[in-house]
Amino acid sequence: MSKTELFDLDGKIALVSGASRGIGEAIARLLAQQGAHVIATSRKVESCEAVCSAIRDSGGSAKAMSCHIGNPEAIQNTVDTVVAKHGRIDILINNAAANPYFGHILDTDLSAFKKTVDVNIQGYFMMSAAVGRAMRDKGNGGSIINVASVNGVVPGDFQGIYSVTKAAVISMTKAFAKECAGLGIRVNALLPGLTETKFASALTKNESILNHALQHIPMRRVADPNEMAGTVLYLASDASSYTTGSCINVDGGYLTV
Ligand SMILES: NC(=O)c1ccc[n+]([C@@H]2O[C@H](COP(=O)([O-])OP(=O)(O)OC[C@H]3O[C@@H](n4cnc5c(N)ncnc54)[C@H](OP(=O)(O)O)[C@@H]3O)[C@@H](O)[C@H]2O)c1
């Protein structure tokens, strides 16, 4: 019996936002390990370059690019540059997100509201549309994966506007999935639970907040970023060829309680 090729990404071009650390870095490394050429993006190209260099040292293929996803022009330029070089994009991972405000929802100021919406909703939407058009032009279909959050289902305490944007990402996943299915473009979402990254450090590095959070996680621990990457590989690969519009919880059981 031979090993399955369902998870092979040989020759695929994969664009990952927020790939310089945390969950995005883990995703970039696994996709490259499975054979994809990864374009690793974030605001700071030098941080992405460090990730790409480690990927290349392990025999993979990766290129760093700067792209602030709150800027629609930067998004279109990035997509145009990748398509001009490689002729196509097969896989898009919308992962970079902003969460600038932690506090009571009634006190959310307009600038935190706008920043969160510009990155988490507008950024994911415009990136999906730009890459989706490139996939449509090429005619080979593709896979788009949105990193949402369990907070898109159950709002996080004092993370109101962030949770609202993650609910929008879940809705966006289904809307794009429905309209793009006929083009062979699959669109799915990963809903991570609490994961040990810089993003979550305000929660995981505060003992009393962490202990409170762990009471609501049946597995009684936070995730390692690498534990998010396997589901993304599944959604990016032919292993999920009949899956679109799905939102997969990877949360230690958080949403079951
Ligand atoms: N960690 C958790 O507990 C958790 C739980 C649920 C969902 N999530 C989701 O998982 C995703 C990744 O989070 P993480 O925990 O891995 O965070 P992280 O370790 O802080 O990494 C965030 C990444 O996004 C990039 N980034 C931030 N703002 C950006 C922007 N405007 N444009 C482009 N890149 C930007 C950062 O690089 P630069 O600074 O160089 O731009 C970095 O590469 C997010 O969508 C988050 O909502 C995380």
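# Briefing: cysteines, core, aromatic pairs and ligand surroundings

Cys67 is buried, with a relative accessible area of 4%. The structure described here is a predicted model.

**Cysteines**

- The count of disulfides comes to zero.
- Cys67 takes part in no disulfide, and the nearest cysteine sulfur, that of Cys48, is 9.9 Å away. A disulfide requires two cysteine sulfur atoms within 2.5 Å.

**Nonpolar cores**

- In soluble globular proteins, nonpolar side chains tend to be buried together.
- The largest nonpolar core here has 67 residues, and the members that touch the most others are Leu31, Val38, Ile93 and Met127.
- Helix H4 supplies the largest share of this core, namely eight residues.
- Apart from this core lies another one of eight residues, including Leu194, Leu210, Leu214 and Ile217.
- With residues up to four places away in sequence not counted, Leu31 touches Leu9, Ala14, Val16, Ala36, Val38, Ile91, Ile93, Leu233 and Ala236.

**Aromatic pairs**

- A search of the whole structure finds three aromatic pairs.
- One of the pairs is formed by Phe125 and Phe176, with 5.0 Å from centre to centre and 75 degrees between the planes. Because planes over 60 degrees apart count as edge-to-face, the pair of Phe125 and Phe176 is given that name.
- This pair links distant parts of the chain: Phe125 belongs to helix H4 (residues 110–138) and Phe176 to helix H5 (residues 160–180), and the two are 51 residues apart.
- Tyr162 and Phe199 form a tilted pair, with 5.7 Å from centre to centre and 55 degrees between the planes.
- This second pair also links distant parts of the chain, 37 residues apart: Tyr162 is in helix H5, and Phe199 is in the loop between strand E6 (185–192) and helix H6 (201–204).
- Tyr162 counts as buried, at 6% relative accessibility, while Phe199 is partly exposed, with a relative accessible area of 43%.

**Surroundings of the ligand**

- The ligand is surrounded by 30 residues, and the closest of them are Ser20, Ser42, Asn95, Tyr162 and Thr197.
- A backbone N or O atom of Ile69 lies 3.0 Å from a nitrogen atom of the ligand.
- Tyr162, one of the closest residues to the ligand, is paired with Phe199.

**Ser17**

- Ser17 lies in strand E1 (residues 13–17) and is buried, with a relative accessible area of 1%.
- Which backbone nitrogen does the side chain of Ser17 reach? The side chain of Ser17 reaches that of Asn95, at 2.8 Å.
- Not counting residues up to four places away in sequence, Ser17 touches Thr41, Ile69, Ile93, Asn94, Asn95 and Ala96.

**Gln34**

- Gln34 is found in the loop between helix H1 (22–33) and strand E2 (37–42).
- A polar atom of the Gln34 side chain lies 3.1 Å from the backbone oxygen of Phe7.
- Phe7 is also among the contacts of Gln34, together with Asp8, Leu9, Asp10 and Leu233, when neighbours within four places in sequence are left aside.

**Ser61**

- Ser61 has its place in strand E3 (residues 61–66) and counts as partly exposed, at 34% relative accessibility.
- The side chains of Ser61 and His37 make a polar contact at 2.6 Å.
- The C-alpha atoms of Ser61 and Ala32 are separated by 6.3 Å, although these residues are 29 residues apart along the chain.
- Leaving aside neighbours within four places in sequence, Ser61 is in contact with Ala32, Ala36, His37, Val38 and Ile55.

Conventions: Residues numbered from 1 in each chain as written. Predicted model: local features only at pLDDT ≥ 70, side-chain atom pairs only at ≥ 80, totals over all residues. Heavy atoms only, no water. Phe/Tyr/Trp six-rings, centres within 6.5 Å; stacked < 30°, edge-to-face > 60°. Helix = DSSP H or I, 4+ residues; strand = E, 2+ residues; numbered from the N terminus. Buried < 20%, exposed > 50% of the residue type's maximum accessible area, 1.4 Å probe, protein only. Core = buried A, V, L, I, M, F, W, Y, C linked by side-chain atoms within 4.5 Å. Contact = heavy atoms within 4.5 Å. Near = heavy atom within 4 Å. Polar contact = N/O pair within 3.5 Å; in protein donor to acceptor, adjacent residues only side chain to side chain.
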